[in-house]
Amino acid sequence: MHRFLLALSLVLLSYFCHSHEVQAADQRPNILWIIAEDMGPELGCYGTPEVKTPTLDQLAEKGMLFQNAFTVTPVCSTSRSSFMTGMYAMAIDAQNHRSHRDGTNPLPDGVRVITDWFRPAGYTTANIKNLTNDKKLAKFYKGTGKTDWNFTYPQGKQPFDLKDWDELKQHQPFYAQINFSETHRGGAWNTSHEHIGSQADPAKVEIPPYYPDHAVTRGVWAQYLNAVMAVDKKVAFILDLLKRDKLDKNTIVVFLGDHGRAMPRGKQWPYDSGLHIPLIIYWPEGNADLPAPEHYQRGQKSEQLISSIDLSATSLAVAGITKPKKMQGQVFLGAQAEPPREYLFGGRDRGDETVFHIRTVRDKQYRYLRNKYPERPFLQINRYKEKSYPIIGLLRDLHRRGELTGPPLKLMADTRPEEELYDLDQDPWETNNLADSPAHQQTKQRLASALNTWMEEIDDKGRTPEDPSIPEFWDERAIRVYSENLKNRPQDWFLRDAALGPYKIEKKKDD
């Protein structure tokens with residue numbers, strides 16, 4: 001009898017302990033990253049004219065809007081290699097776009113994809129592709145499942161556990177992400193206007209001064225804003241799913257772009273235009289078991305400098321997971337929060353077949369850039385962009401006619417400056433290079449010194465050029481993929497390209 005009672009006591013103790021553990025686990029927050037591809041901060045809540053983003057604007061009002069969030073690099077594979085590890089791409093030899101796809105570049109010891117930090121802590125991980133079983137709705141409401149990393153994930157293993165939304169509620173707590181491609185050039189961009197109500201008016205959009213003020217420029221920009229509005233509609237669908245599944249009270253929602261906008265001098269260029277992203281963090285309301293963390297200010301706009309790699313460290317921290325020792329991202333919310341950054345660092349290296357080496361540092365007022373190959377033109381050949389960016393076609397056509405002046409003409413120069421410095425308060429479009437200004441030499445030297453220190457501290461792998469055979473491979477591939485299209489298309493192709501959406505310029509009969 002004594003043994004029976006002892007055994008029964010142990011069973012009951014085990015049951016109650018297990019119940020307590022599950023309850024504790026259930027009280028930990030779910031974390032959902034909604035990632036828009038190739039999107040800058042062109043939302044209503046950031047003050048962009050002609051874009052209507054009511055869902056994201058309301059999310060920002062109820063959550064926290066970050067005004068100064070930037071990626072490490074301005075193209076998908078390098079940027080995602082950074083924020084999915086919490087490491088600078090240059091520190092893990094992932095700085096060249098579409099590199100190391102042959103299985104020869106594992107992550108260094110002590111570095112993991114963040115899902116592999118979440119899982120040992122009891123989190124289920126997901127990269128959502130399937131949002132609904134309704135076949136008609138699923139044509140639009142879906143995720144891309146994008147990963148696109150420049151390192152080797154362990155063979156035989158998967159970085160995510162799930163891909164279907166309907167499985168999430170049964171697997172809490174979870175870290176999940178969903179990627180939307182409307183703002184990435186391609187079919188989703190070209191047709192985004194078909195999925196929204198009111199479309200952007202090209203005559204009313206605000207275009208950067210380094211583009212010619214032309215119907216093509218305005219049309220492409222308006223279609224980009226239409227794509228942003230399509231993303232907003234998808235975010236509304238996601239938020240409705242959270243409410244439907246009773247996940248809205250215990251799920252932290254993070255909305256971000258994977259890097260800046262897909263435009264000339266944007267994507268693949270480490271100016272603000274290529275690195276600046278939207279960042280909205282919504283902490284659930286009305287849940288006493290999930291109080292907002294330190295430094296979270298609901299309904300406020302933060303000016304704090306945030307690097308995309310900080311999202312990795314912070315997401316782990318708010319889940320109660322200690323930041324890994326090697327992680328270079330900094331925690332900016334909660335009890336583990338670190339001092340705010342004074343500087344943000346970034347750069348670019350090879351993008352497809354196009355080889356540059358640029359490093360940059362930014363504080364709250366200035367951006368400094370250092371160009372290793374100033375002898376190479378700004379519009380050095382990149383066949384993907386030559387095919388996909390009508391504004392580049394317009395620039396080349398107007399330059400051939402001798403009709404370019406001012407900042408647009410600078411984009412056609414045969415060389416670039418070795419150093420660039422921009423006062424972002426006075427010159428937000430970064431068109432007035434102050435690197436040679438006597439009044440700004442102290443600022444330039446301060447930023448240059450900070451950049452040198454950072455490159456040494458992270459052991460920047462981009463300082464060693466790739467084997468020449470690698471860019472040669474990508475050059476041959478680009479020729480194979482794009483040369484026929486580039487050779488056979490009409491000279492005025494940019495007037496009617498699909499990227500203009502409904503704003504194509506019809507050819508006149510007498511042309």
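**The whole model**

The model is predicted, so local features need pLDDT of at least 70 and side-chain atom pairs count only at pLDDT 80 or more, whereas totals for chains, interfaces and linings use all residues. Residues are numbered from 1 along each chain as its sequence is written, and side-chain values use heavy atoms, with hydrogens and water left out.

Along the principal axes, the C-alpha atoms fill a box of roughly 100 × 50 × 45 Å. The radius of gyration is 24 Å, which agrees with the value near 24 Å for a compact globule of 511 residues; it is taken over C-alpha atoms, and the globule rule is 2.2 Å times the number of residues to the power 0.38.

Next, colour by accessibility. Of the 511 residues, 57% are buried, where buried means under 20% relative accessible area, exposed over 50% and partly exposed in between, with a 1.4 Å probe and protein chains only. Contacts, defined as heavy atoms within 4.5 Å, are counted here at a separation of 6 or more, and 75% of them link residues 24 or more positions apart.

**Thr73**

Select Thr73, in the loop that runs from strand S2 (64–70) to helix H3 (76–83). Its relative accessible area is 3%, so Thr73 is buried. Display the side chains of Thr73 and Thr78: a polar contact of 2.6 Å joins them. Such a contact is a pair of N or O atoms within 3.5 Å; within protein, one must be able to donate a hydrogen and the other to accept it, and residues adjacent in sequence count only if both atoms are side-chain atoms. Beyond four places in sequence, the contacts of Thr73 are Thr78, Ser79, Met90, His259, Leu275 and Gly347.

Now select residues 308–318, helix H9, where eleven of the eleven residues are buried. After H9 comes Gly320, with a positive phi near 85°.

Within H9, centre the view on Ala313. Ala313 counts as buried because its relative accessibility is 0%.

Methods
Helices (H or I, at least four residues) and strands (E, at least two) are DSSP runs, numbered from the N terminus.
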